[in-house]
Amino acid sequence: MNLHSSLSKKISEIEIDKSITISGRVKKFDGNVVFSDPFPAPIGSLCLIKDTANKEIMSEIIGFDEEHNMLAILDQSSNIVVGCRVSLFDETGLLDIDDTILGRVTDAFGRPLDDKPILNMKEKWPLLGKTMNPLKRKPVKNPLDVGIKVINSLLTIGRGQRVGIVAGSGVGKSILLKMMSKFTDADVVVVGLIGERAREVGVMVESLLDNENERKITVVAVPADRSPLMRIRGANRATAIAEYFRNKNKNVLLIMDSLTRIAHAKREIGLSLGEQPTSKGYPPSVISMIPNLIERTGTSDNGDGSITAFYTILADGDDTNDPVVDTARAILDGHIVLSRLNAQLGIYPAVDLTNSVSRVMTEISDENHIDVATKFRSQVSLYVENRDLLLMGGYVQGQDPMLDDAIKMWPKILDFISQKENEKTNFSDSIKGLLNLYTSE
């Protein structure tokens, strides 16, 4: 018994040398996934692979079994061969963060992309966020001013709401995002430019950081030519930054452009791991990832902070029944559809009011506002349904009083929903302008 106690004491006194590197060797590489010797590290851990040119390639563990650790490389230019050393770099899943991130443009790892000094941030926040109690989350009570007349008045957005912007290509999505980022009254704006063209990223960043609100905006940019894991990490990083500021009781506007590109990145990884494709080639992991990402935003469970999130969703070929569109629409608190027809008619922002909805508008707006907004939307719907008939001269005024009112109001409706790119309309002016349309009849 004494021998056992003595042995236990000696074992407890042994100090593990933390400087020992946990590592293995590359066994196989198929161009996308590295298979290495198994070593203890959780999924999501970052590792370094030393290639034949002595360059250290960053990678991330995406799976493991008894025979291999599976890693996705985060740097596409690499010379990896069998036998290259793989060493564990970071398994904490924490990112550096503090207020100095505002006014800056960074990549998926927080490295500056704006030619400014390297950030030396003092605080930490988990990349994948912190779990919240859904029963303790604050309700959405107050409207958020996004500076855009048609959204403020007819699709009123609440602080802590999650909204999808569904659009095809070339209908003014990027301009709408820029307007919201510059005109909003949110305390902090976090913009995630994920999987977009490098040229578009440059134009967007230049526009965002060249206005009076520059000091409250931060951008995470991961262009389309980066690896799929970098794109997913960029989305998680942008969300984590928004969570950090929400935890400091700030009202945050998070703009993610685009959720579809993130889903495409997850599809690449899922197919590489052997998942079976389902609808339109998307494996099940994509459908489960979207709610996990979106549910991290919204109101807080322990303070007054909030994250109001806008996710752009690309409707390829203007197909609004895409699996990503359907999944996002089911979990979001509303969606704004941009119409190609409106864009072709020169109506910008090209918001399709007949197919757009804000699910919290009735809870945060007064009764008079809701009544007038409902009347406005019904007139738009009635006019659009009968547009072809009117153009052919097949309708005689006087047959339908409601349609007659819609025809009479149509020029005023077009003028109200149109807004120039550099024109800001605050929340109170938006509501006042809507009410005045009908009080002046």
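The legends below describe close-up views of one predicted model.

Residues are numbered from 1 along each chain as its sequence is written, and side-chain values use heavy atoms, with hydrogens and water left out. Because the model is predicted, local features need pLDDT of at least 70 and side-chain atom pairs count only at pLDDT 80 or more, while totals for chains, interfaces and linings use all residues.

**View 1. Six strands close into a barrel.**
The order around the barrel is β1-β2-β5-β4-β3-β6, and the pairing is antiparallel. Strands are DSSP runs of E of at least two residues, helices are runs of H or I of at least four, and both are numbered from the N terminus. Two strands count as paired if DSSP finds at least two bridges between them. From one strand to the next the twist averages 45°; axes are lines fitted to C-alpha atoms, for helices over the stretch in contact, and angles run from 0 to 180 degrees between N-to-C directions. Strand β6 (residues 85-90) is joined to β1 by three bridges, and the two run antiparallel. G24 has V86 in β6 as its bridge partner. Strands of a sheet pair through backbone hydrogen bonds, either parallel or antiparallel.

**View 2. A salt bridge joins D37 and K27.**
A salt bridge is a side-chain nitrogen of Lys or Arg within 4 Å of a carboxyl oxygen of Asp or Glu. For the side chains of D37 and K27 the N to O distance is 3.1 Å. K27 sits in strand β1 (residues 23-29) and D37 in the loop between β2 (33-36) and β3, so the pair ties together parts that are 10 residues apart in sequence. K27 is partly exposed, with a relative accessible area of 44%. Here buried means under 20% relative accessible area, exposed over 50%, and partly exposed in between (1.4 Å probe, protein chains only).

**View 3. Salt bridges also link K124 with D96 and E421 with K178.**
The structure holds 17 salt bridges. In the pair of K124 and D96, the closest N and O atoms are 2.5 Å apart. K124 belongs to strand β9 and D96 to strand β7 (residues 94-97), 28 residues apart. D96 is partly exposed, at a relative accessible area of 34%. E421 and K178 meet at 3.8 Å, N to O. This pair links distant parts of the chain, with E421 in the loop between α13 (401-417) and α14 (427-439) and K178 in helix α3 (residues 173-183), 243 residues apart. Is K178 buried or exposed? At 11% relative accessibility K178 counts as buried, whereas E421 is partly exposed at 33%. R162, E295 and D333 are linked in a network of salt bridges.

**View 4. L254 and L259 have the most contacts inside the largest nonpolar core.**
A nonpolar core is a set of buried Ala, Val, Leu, Ile, Met, Phe, Trp, Tyr and Cys residues joined through side-chain atoms within 4.5 Å. The largest one has 60 residues. Helix α5 (residues 228-247) supplies the largest share of this core, 10 residues. A second, separate core of 59 residues includes A186, A221, Y395 and A406. Not counting residues up to four places away in sequence, L254 touches V190, A238, T239, A242, T297, I307, T308, A309, F310 and Y311; contact means heavy atoms within 4.5 Å.

**View 5. Helix α8 packs through its buried residues.**
In α8 (residues 323-331), the buried residues are P323, V324, V325, T327, A328 and I331. They pack against β10 (162-167), α6 (259-272), α7 (284-294) and β15 (306-314).

**View 6. Two peptide bonds are cis, D257 to S258 and Y348 to P349.**
Omega is about 10° for the bond that joins D257 and S258. S258 is placed in the loop between β13 (251-257) and α6. For the bond from Y348 to P349, omega is near -5°. P349 lies in the loop between α9 (340-344) and β17 (357-358).

**View 7. N54 and D115 have a positive phi.**
Most residues other than glycine have a negative phi, and most peptide bonds are trans. N54, which is not a glycine, has a phi of about 65°. N54 lies in the loop between β3 (46-50) and β4 (56-64), and is exposed, with a relative accessible area of 60%. D115, also not a glycine, has a phi of about 60°. D115 is found in the loop between β8 (105-106) and β9 (123-126); D115 is exposed, with a relative accessible area of 81%.
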